[in-house]
Amino acid sequence: MDYRKLFKEISKGDWQGVYLFFGEEEYVKQQALDQAIETLVDPSFGDLNYAQLDGAEIDLDTIINACETLPFMCDKRLVVLKDLPILNGKASGDIDEDRFLEYIKTMSDTTCLILYCRDSLDKRKKIYKHINKTGKAKEFKHLVGRELHTWINQTVEKQEKKISYNAISHLIDRAGNNLEDLSNELKKLVSYVG
(Lines give C-alpha, C1' and ligand atoms only; values in the text may rest on other atoms or scores of the structure.)
Protein backbone atom coordinates (compact mmCIF):
# COMPACT_ATOMS: atom_id res chain seq x y z
CA MET A 1 0.00 0.00 0.00
CA ASP A 2 1.17 3.49 -0.78
CA TYR A 3 1.15 5.21 2.61
CA ARG A 4 1.36 8.70 1.16
CA LYS A 5 -1.86 8.08 -0.78
CA LEU A 6 -3.58 6.86 2.40
CA PHE A 7 -2.48 9.92 4.39
CA LYS A 8 -3.77 12.19 1.61
CA GLU A 9 -7.15 10.39 1.77
CA ILE A 10 -7.22 10.83 5.54
CA SER A 11 -6.31 14.53 5.37
CA LYS A 12 -9.29 15.19 3.08
CA GLY A 13 -11.50 14.00 5.95
CA ASP A 14 -14.18 12.57 3.69
CA TRP A 15 -14.37 9.21 5.39
CA GLN A 16 -17.55 7.28 6.00
CA GLY A 17 -18.44 3.68 6.56
CA VAL A 18 -16.19 0.94 7.87
CA TYR A 19 -12.40 0.81 7.51
CA LEU A 20 -10.02 -1.95 8.47
CA PHE A 21 -6.42 -1.22 9.50
CA PHE A 22 -4.31 -4.37 9.72
CA GLY A 23 -0.82 -5.63 9.01
CA GLU A 24 2.59 -5.96 10.56
CA GLU A 25 3.78 -2.33 10.36
CA GLU A 26 2.43 -0.96 13.66
CA TYR A 27 4.24 2.38 13.50
CA VAL A 28 2.57 3.66 10.32
CA LYS A 29 -0.73 2.00 11.21
CA GLN A 30 -0.81 3.94 14.49
CA GLN A 31 0.18 7.15 12.68
CA ALA A 32 -2.70 6.64 10.24
CA LEU A 33 -5.12 6.11 13.13
CA ASP A 34 -3.80 9.19 14.95
CA GLN A 35 -4.17 11.30 11.82
CA ALA A 36 -7.70 9.98 11.24
CA ILE A 37 -8.64 10.95 14.80
CA GLU A 38 -7.03 14.38 14.40
CA THR A 39 -8.78 14.99 11.07
CA LEU A 40 -12.23 13.60 11.85
CA VAL A 41 -12.68 14.64 15.48
CA ASP A 42 -13.07 18.28 16.51
CA PRO A 43 -11.13 18.60 19.80
CA SER A 44 -13.84 20.86 21.24
CA PHE A 45 -16.32 18.00 21.13
CA GLY A 46 -13.92 15.05 21.18
CA ASP A 47 -15.55 13.20 24.05
CA LEU A 48 -18.92 13.43 22.34
CA ASN A 49 -17.87 12.46 18.82
CA TYR A 50 -15.18 9.86 19.42
CA ALA A 51 -15.23 6.45 21.06
CA GLN A 52 -12.48 3.86 21.32
CA LEU A 53 -13.56 0.35 22.24
CA ASP A 54 -11.60 -2.77 23.12
CA GLY A 55 -12.94 -5.55 20.90
CA ALA A 56 -11.80 -8.29 23.28
CA GLU A 57 -13.96 -6.98 26.13
CA ILE A 58 -17.14 -5.81 24.42
CA ASP A 59 -20.43 -7.11 23.09
CA LEU A 60 -22.15 -6.31 19.82
CA ASP A 61 -24.90 -4.20 21.40
CA THR A 62 -22.30 -1.85 22.90
CA ILE A 63 -20.62 -1.49 19.50
CA ILE A 64 -23.96 -0.75 17.85
CA ASN A 65 -24.85 1.81 20.53
CA ALA A 66 -21.51 3.59 20.03
CA CYS A 67 -22.02 3.66 16.26
CA GLU A 68 -25.66 4.78 16.46
CA THR A 69 -24.94 7.71 18.77
CA LEU A 70 -25.41 10.83 16.69
CA PRO A 71 -22.52 13.28 16.32
CA PHE A 72 -22.74 16.51 18.29
CA MET A 73 -22.16 19.82 16.47
CA CYS A 74 -20.45 18.17 13.49
CA ASP A 75 -21.15 15.80 10.61
CA LYS A 76 -19.33 12.66 11.71
CA ARG A 77 -18.71 10.49 14.74
CA LEU A 78 -15.61 8.30 14.84
CA VAL A 79 -15.63 4.91 16.53
CA VAL A 80 -12.39 2.92 16.77
CA LEU A 81 -12.74 -0.75 17.59
CA LYS A 82 -9.40 -2.36 18.45
CA ASP A 83 -8.57 -6.06 18.23
CA LEU A 84 -11.97 -7.58 17.49
CA PRO A 85 -11.48 -11.35 18.00
CA ILE A 86 -13.68 -12.39 15.08
CA LEU A 87 -11.21 -10.77 12.65
CA ASN A 88 -8.39 -13.15 13.48
CA GLY A 89 -10.41 -16.33 13.94
CA LYS A 90 -10.22 -16.40 17.73
CA ALA A 91 -13.24 -17.08 19.91
CA SER A 92 -15.61 -14.18 19.39
CA GLY A 93 -17.30 -14.09 22.79
CA ASP A 94 -20.61 -12.26 22.56
CA ILE A 95 -20.17 -11.05 18.97
CA ASP A 96 -21.90 -12.96 16.19
CA GLU A 97 -20.00 -12.40 12.93
CA ASP A 98 -23.08 -12.58 10.68
CA ARG A 99 -25.05 -10.13 12.82
CA PHE A 100 -22.10 -7.74 12.96
CA LEU A 101 -21.65 -7.95 9.18
CA GLU A 102 -25.35 -7.19 8.62
CA TYR A 103 -25.08 -4.20 10.93
CA ILE A 104 -22.03 -2.67 9.23
CA LYS A 105 -23.72 -3.01 5.83
CA THR A 106 -26.52 -0.72 7.03
CA MET A 107 -24.59 1.49 9.44
CA SER A 108 -25.45 5.17 9.61
CA ASP A 109 -23.64 7.60 7.29
CA THR A 110 -22.88 9.79 10.28
CA THR A 111 -20.47 7.22 11.72
CA CYS A 112 -17.00 6.26 10.60
CA LEU A 113 -15.94 2.94 12.15
CA ILE A 114 -12.27 1.93 12.07
CA LEU A 115 -11.49 -1.67 12.94
CA TYR A 116 -7.88 -1.70 14.14
CA CYS A 117 -6.24 -5.12 14.20
CA ARG A 118 -2.86 -5.58 15.92
CA ASP A 119 -2.85 -9.37 15.65
CA SER A 120 -2.89 -11.47 12.51
CA LEU A 121 -5.98 -11.26 10.34
CA ASP A 122 -7.98 -14.12 8.86
CA LYS A 123 -8.67 -13.01 5.29
CA ARG A 124 -11.21 -15.81 4.89
CA LYS A 125 -13.65 -14.00 7.20
CA LYS A 126 -16.81 -12.53 5.66
CA ILE A 127 -16.19 -9.18 7.36
CA TYR A 128 -12.74 -8.87 5.79
CA LYS A 129 -14.08 -9.82 2.35
CA HIS A 130 -16.87 -7.23 2.60
CA ILE A 131 -14.58 -4.40 3.72
CA ASN A 132 -11.92 -5.34 1.17
CA LYS A 133 -14.54 -5.38 -1.59
CA THR A 134 -15.48 -1.78 -0.76
CA GLY A 135 -11.80 -0.81 -0.94
CA LYS A 136 -11.55 0.21 2.70
CA ALA A 137 -9.26 -2.55 3.98
CA LYS A 138 -5.83 -0.97 4.51
CA GLU A 139 -2.94 -3.39 4.95
CA PHE A 140 0.22 -2.01 6.53
CA LYS A 141 3.29 -3.98 5.44
CA HIS A 142 6.91 -3.36 6.34
CA LEU A 143 8.56 -1.05 3.86
CA VAL A 144 11.40 -2.49 1.80
CA GLY A 145 13.85 -1.30 -0.82
CA ARG A 146 13.24 2.09 -2.35
CA GLU A 147 10.14 2.84 -0.24
CA LEU A 148 12.15 2.33 2.94
CA HIS A 149 15.01 4.52 1.71
CA THR A 150 12.52 7.25 0.75
CA TRP A 151 10.82 7.08 4.16
CA ILE A 152 14.14 7.43 5.99
CA ASN A 153 15.25 10.29 3.75
CA GLN A 154 11.95 12.17 4.23
CA THR A 155 12.05 11.62 7.99
CA VAL A 156 15.55 13.10 8.16
CA GLU A 157 14.63 16.02 5.86
CA LYS A 158 11.73 16.92 8.18
CA GLN A 159 14.40 17.56 10.81
CA GLU A 160 16.27 19.78 8.31
CA LYS A 161 19.14 17.29 8.03
CA LYS A 162 20.60 15.23 5.19
CA ILE A 163 21.62 11.60 5.02
CA SER A 164 23.53 9.77 2.28
CA TYR A 165 22.30 6.69 0.47
CA ASN A 166 25.16 4.64 1.95
CA ALA A 167 24.31 5.82 5.47
CA ILE A 168 20.69 4.81 4.92
CA SER A 169 21.77 1.36 3.72
CA HIS A 170 24.06 0.96 6.74
CA LEU A 171 21.25 2.02 9.09
CA ILE A 172 18.87 -0.52 7.54
CA ASP A 173 21.52 -3.26 7.83
CA ARG A 174 21.95 -2.47 11.54
CA ALA A 175 18.38 -1.65 12.60
CA GLY A 176 16.22 -3.63 10.15
CA ASN A 177 13.04 -2.37 8.53
CA ASN A 178 10.78 -1.88 11.55
CA LEU A 179 9.82 1.80 11.27
CA GLU A 180 9.43 2.34 14.99
CA ASP A 181 12.98 1.12 15.59
CA LEU A 182 14.27 3.17 12.66
CA SER A 183 12.43 6.26 13.89
CA ASN A 184 14.07 5.92 17.31
CA GLU A 185 17.52 5.48 15.75
CA LEU A 186 16.98 8.50 13.50
CA LYS A 187 16.00 10.63 16.52
CA LYS A 188 19.28 9.63 18.18
CA LEU A 189 21.28 10.45 15.05
CA VAL A 190 19.59 13.83 14.57
CA SER A 191 20.15 14.65 18.24
CA TYR A 192 23.80 13.62 17.98
CA VAL A 193 24.40 15.74 14.87
CA GLY A 194 22.76 18.70 16.59
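Okay, a quick definition to start: two strands count as paired when DSSP finds at least two bridges between them. Keep that in mind, and keep in mind too that this is a predicted model.

So, let's begin with strand 1, residues 17-22. Which strands does strand 1 pair with? On one hand there's strand 4, residues 111-116, which pairs with strand 1 in the parallel sense over 5 bridges. If you want a spot to look at, find leucine 20, whose bridge partner in strand 4 is leucine 115. Then there's strand 5, residues 137-139, joined to strand 1 by 3 bridges, and those two run parallel as well. Here the pair to click on is phenylalanine 21 with lysine 138 in strand 5.

And is strand 1 buried or exposed? Well, 6 of its 6 residues are buried, so strand 1 is largely enclosed by the rest of the structure.

Right, on to the helices. Two packed helices are described by the angle between their axes and the distance between the axes. Take helix 5, residues 97-105, and helix 6, residues 126-133: their axes come within 9 Å and cross at roughly 20°. Angles under 35 degrees count as roughly parallel, and helix 5 and helix 6 are therefore roughly parallel to each other. Their crossing is right-handed.

Who's touching whom? On the helix 5 side you've got Glu97, Asp98, Phe100, Leu101, Ile104 and Lys105, and they meet Lys126, Ile127, His130 and Ile131 of helix 6. Sort the residues of that contact by type and you get 5 nonpolar, 1 polar and 4 charged.

That's my tour, thanks!

Notes
Residues are numbered from 1 along each chain as its sequence is written. This is a predicted model: local features need pLDDT of at least 70, side-chain atom pairs count only at pLDDT 80 or more; totals for chains, interfaces and linings use all residues. Side-chain values use heavy atoms; hydrogens and water are left out. Buried means under 20% relative accessible area, exposed over 50%, partly exposed in between (1.4 Å probe, protein chains only). Helices (H or I, at least four residues) and strands (E, at least two) are DSSP runs, numbered from the N terminus. Axes are lines fitted to C-alpha atoms, for helices over the stretch in contact, and angles run from 0 to 180 degrees between N-to-C directions. Angles under 35 degrees count as roughly parallel, over 145 as roughly antiparallel, 65 to 115 as roughly perpendicular and the rest as oblique. A crossing is left-handed if the near helix is turned anticlockwise from the far one by less than a right angle, and right-handed if clockwise. Contact means heavy atoms within 4.5 Å. Ala, Val, Leu, Ile, Met, Phe, Trp, Tyr, Cys and Pro count as nonpolar, Asp, Glu, Lys and Arg as charged, and the others, Gly among them, as polar.
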